[in-house]
Number of protein chains: 2
Amino acid sequence: MSACQFESLEKSLESHLPEAELAEVKRILFGKETKKLDLPARAVEAASERDFELKGYRFDAAQEQLRPPRNIRVGLIQHRIVLPTDAPILDQVTMGKKETGTMPFAFCTREKEPWTEFAESAEEGNTTRFCQELARKYNMVVVSPILEREDLHSTLWNTAVVISNSGNVLGKSRKNHIPRIGDFNESTYYMEGNTGHTVFQTQFGKIAVNICYGRHHPLNWFMYSMNGAEIIFNPSATVGALSEPMWPIEARNAAIANHCFTCAINRVGTEHFKSEFTSGDGKKAHHDFGHFYGSSYVAAPDGSRTPGLSRTRDGLIVVEMDLNLNRQISDKWSFKMTGRYAEYAEELTKVVEHDFKPKIVKE
Amino acid sequence: MSACQFESLEKSLESHLPEAELAEVKRILFGKETKKLDLPARAVEAASERDFELKGYRFDAAQEQLRPPRNIRVGLIQHRIVLPTDAPILDQVTMGKKETGTMPFAFCTREKEPWTEFAESAEEGNTTRFCQELARKYNMVVVSPILEREDLHSTLWNTAVVISNSGNVLGKSRKNHIPRIGDFNESTYYMEGNTGHTVFQTQFGKIAVNICYGRHHPLNWFMYSMNGAEIIFNPSATVGALSEPMWPIEARNAAIANHCFTCAINRVGTEHFKSEFTSGDGKKAHHDFGHFYGSSYVAAPDGSRTPGLSRTRDGLIVVEMDLNLNRQISDKWSFKMTGRYAEYAEELTKVVEHDFKPKIVKE
């Protein structure tokens with residue numbers, strides 16, 4: 001069975017494990033079971049007609065005496081590119097929520113043209129205008145990952161635009177950590193972001209965006225959380241052979257460690273490029289760099305998570321959550337209270353000096 | 001099926017999944033397969049006679065031109081308490097490698113007597129002497145978790161003693177983060193450690209000990225790594241209902257994020273106490289606080305991990321690893337190169353001030 005045929009871990013377990021064992025396996029793998037959400041029949045039909053997966057789950061919190069529940073809904077979209085990579089660029093510009101959602105993940109080619117033509121303004125680009133309409137129409141906040149061109153200095157950035165449900169651009173978050181690994185040598189195109197760890201206060205809650213490779217950096221999640229994020233989105237584009245066993249670990253660990261919700265979103269499909277390219281691994285030149293494995297999911301602060309969307313199909317996962325859960329779990333586990341951050345600030349300040357002496361005991 | 005009957009996730013998957021699917025499920029769950037280690041027939045017989053689980057695995061690294069392989073072996077022991085909790089204390093003092101290995105995990109009782117009688121000197125206590133003999137005899141480094149009494153100030157600490165293969169005490173590492181949660185209200189007995197993030201240079205490699213609740217704190221793992229740790233041990237005592245879904249996540253995330261090996265070790269069994277106690281959860285008083293679920297494992301920097309020991313039985317897992325893998329993975333993924341730690345040191349220094357202004361954008 002090849003890696004781009006296997007549909008999902010969850011489906012495999014559900015097909016083969018006896019009921020009592022399945023419950024234990026799911027508890028250990030996914031934590032407290034997330035309830036399934038009843039979705040409108042119209043939506044289910046649309047998914048069937050247009051051939052995308054549609055799943056819905058709900059995370060509950062305890063009822064409190066003073067605070068009413070803060071129930072909100074989040075939707076994560078995973079999708080393949082709509083047209084071949086050599087179709088005219090104007091035709092390719094559609095929308096998505098995965099990393100640089102409007103374009104093929106072409107950074108593996110190291111070609112500047114034509115890919116930099118996908119870059120657009122965060123404030124006034126086509127993708128932003130398109131999302132603004134949707135935001136107003138459906139009264140929703142949109143997180144829209146794009147390849148950004150900052151015209152004034154002609155620089156590119158890997159950026160997520162956050163659009164309020166009013167339709168206004170609330171701001172943008174640029175990718176903080178840039179990989180130099182295999183086909184992800186993205187510093188050919190853009191460098192580390194300068195927007196720090198901005199959190200966006202929306203009508204529904206405080207959100208932040210940790211783009212792709214930033215998920216490998218626990219400090220990145222942590223600092224968004226220290227600035228108050230209640231939900232951290234991680235729009236990603238990553239392939240099976242490289243990162244798949246890490247995928248269920250990192251965003252979920254961040255939800256646990258920071259008492260918040262995290263949303264891991266990945267591309268689907270295999271993207272073929274006209275020009276062949278090498279990958280710095282001694283292997284022959286080729287036209288694609290592997291299967292984007294989807295598997296988008298939401299993780300909660302109590303260690304539980306939703307099942308993932310499939311590894312192979314376009315999909316939408318709708319998750320309802322009571323944001324009161326964050327503070328409830330924080331009061332229970334108290335990682336921030338017991339975090340000793342002042343000591344770490346001092347230690348880290350020393351660590352980054354070039355003449356840092358590590359604390360190593362020898363015999 | 002009750003939580004203390006279910007033997008292990010791995011066994012359940014292997015019993016029911018078809019071969020091709022099992023391979024994909026294991027790849028997604030555990031990463032690159034760890035080879036099984038051939039163990040001496042004598043050892044296998046001993047395990048069978050004495051009724052403990054014995055497993056062996058190996059993590060490979062690539063052959064390099066300039067550095068020879070750095071193959072070492074690590075053994076993790078998980079075990080239940082040997083005698084009932086109300087047996088005479090002198091009889092109960094045996095050895096182990098889980099958190100405060102010589103004693104029942106009695107902190108749930110909040111009784112000072114007789115439990116503080118288990119406390120002993122890190123440098124000259126019975127447990128240390130016993131481990132020193134073993135260290136010399138078998139040419140091995142021993143990490144020995146104890147309840148430490150510092151006689152001079154009559155204070156208690158939750159401590160791991162590190163004993164060199166020469167038999168000398170190399171030093172000690174005190175628990176950095178102390179829980180105040182449910183039955184783990186340990187600050188009744190001891191407070192946050194003052195040994196920082198010490199790393200021990202042994203003949204086999206540089207090791208560190210992140211005790212129990214410290215595994216929930218990504219900064220704790222991180223700082224041991226920044227001081228040079230190649231293997232970080234996490235001796236723990238934790239129960240199913242509380243933490244089991246987090247268990248496969250946290251130590252493994254730390255191995256990935258810090259380009260090092262991590263070893264997660266837990267107790268097994270259910271411990272009954274003569275006096276009843278409450279758990280701060282509104283429920284009735286009771287005599288035990290749940291099932292310690294074992295499941296000890298080793299995680300590697302490439303995102304792979306060994307299967308776990310069982311949830312129910314005493315066990316020893318022997319893992320051979322080539323420590324060259326750490327630098328190889330660091331060169332590949334480059335999390336430390338791309339970590340932007342100087343920026344985080346500045347940010348964290350601001351965050352811990354009482355008048356910190358979070359970076360929140362509003363409409």
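Q: Which residue in E16(B) is the bridge partner of B:Gly75?
A: That would be B:Val318. Keep in mind that this is a predicted model.

Q: What makes E3(B) and strand E16 of chain B count as a pair?
A: The cut-off is at least two bridges between the strands. E3(B) and E16 (residues 315-322) have eight bridges, so by that rule they pair. The sense of this pairing is antiparallel. In general, strands of a sheet pair through backbone hydrogen bonds, either parallel or antiparallel.

Q: What is the order of the four strands in the open sheet of chain B?
A: Reading across, you get E1-E2-E16-E3, and the pairing is mixed.

Q: Why are strand E1 and strand E3 of chain B said to stand at the edges?
A: E1 (35-36) and E3 (71-78) each have a single partner strand, so one side of each has no neighbour in the sheet.

Q: How do you know that B:Cys212 is buried or exposed?
A: Check its relative accessible area, which is 4%. Buried means under 20%, so B:Cys212 is buried. You'll find B:Cys212 in the loop between strand E10 (206-209) and helix H6 (218-226) of chain B.

Q: Why is A:Asn139 called partly exposed?
A: A:Asn139 has a relative accessible area of 43%. Under 20% would be buried and over 50% exposed, so A:Asn139 ends up in between. A:Asn139 is in the loop between H5 and strand E4 (142-150) of chain A.

Q: What is the phi of A:Asn139, and what is the phi of B:Cys212?
A: Most residues other than glycine have a negative phi. A:Asn139 has a positive phi of about 50° although it isn't a glycine. B:Cys212 isn't a glycine either, and its phi is positive too, at about 40°.

Q: How do you know what span is expected for helix H2 of chain B?
A: Take 1.5 Å times one less than the number of residues. H2 (residues 19-30) has 12 residues, and the expected span is 16 Å. From first C-alpha to last, H2 reaches 16 Å, close to that expectation. Just after H2(B), B:Gly31 takes a positive phi of about 80°.

Q: What covers the buried residues of H2(B)?
A: The cover includes helices H1 (9-16), H2 (19-30) and H8 (247-258) of chain A, together with H1 (9-16) and H8 (247-258) of chain B. Among the buried residues are B:Leu22, B:Val25 and B:Ile28.

Q: What kind of peptide bond runs from A:Glu113 to A:Pro114?
A: That one is cis, with omega near 5°. Most peptide bonds are trans. The bond from B:Glu113 to B:Pro114 is also cis, with omega near 5°.

Note on methods: Residues are numbered from 1 along each chain as its sequence is written. Chains are lettered from A and ligands numbered from 1 in the order in which they are written. This is a predicted model: local features need pLDDT of at least 70, side-chain atom pairs count only at pLDDT 80 or more; totals for chains, interfaces and linings use all residues. Side-chain values use heavy atoms; hydrogens and water are left out. Helices (H or I, at least four residues) and strands (E, at least two) are DSSP runs, numbered from the N terminus. Buried means under 20% relative accessible area, exposed over 50%, partly exposed in between (1.4 Å probe, protein chains only). Contact means heavy atoms within 4.5 Å.
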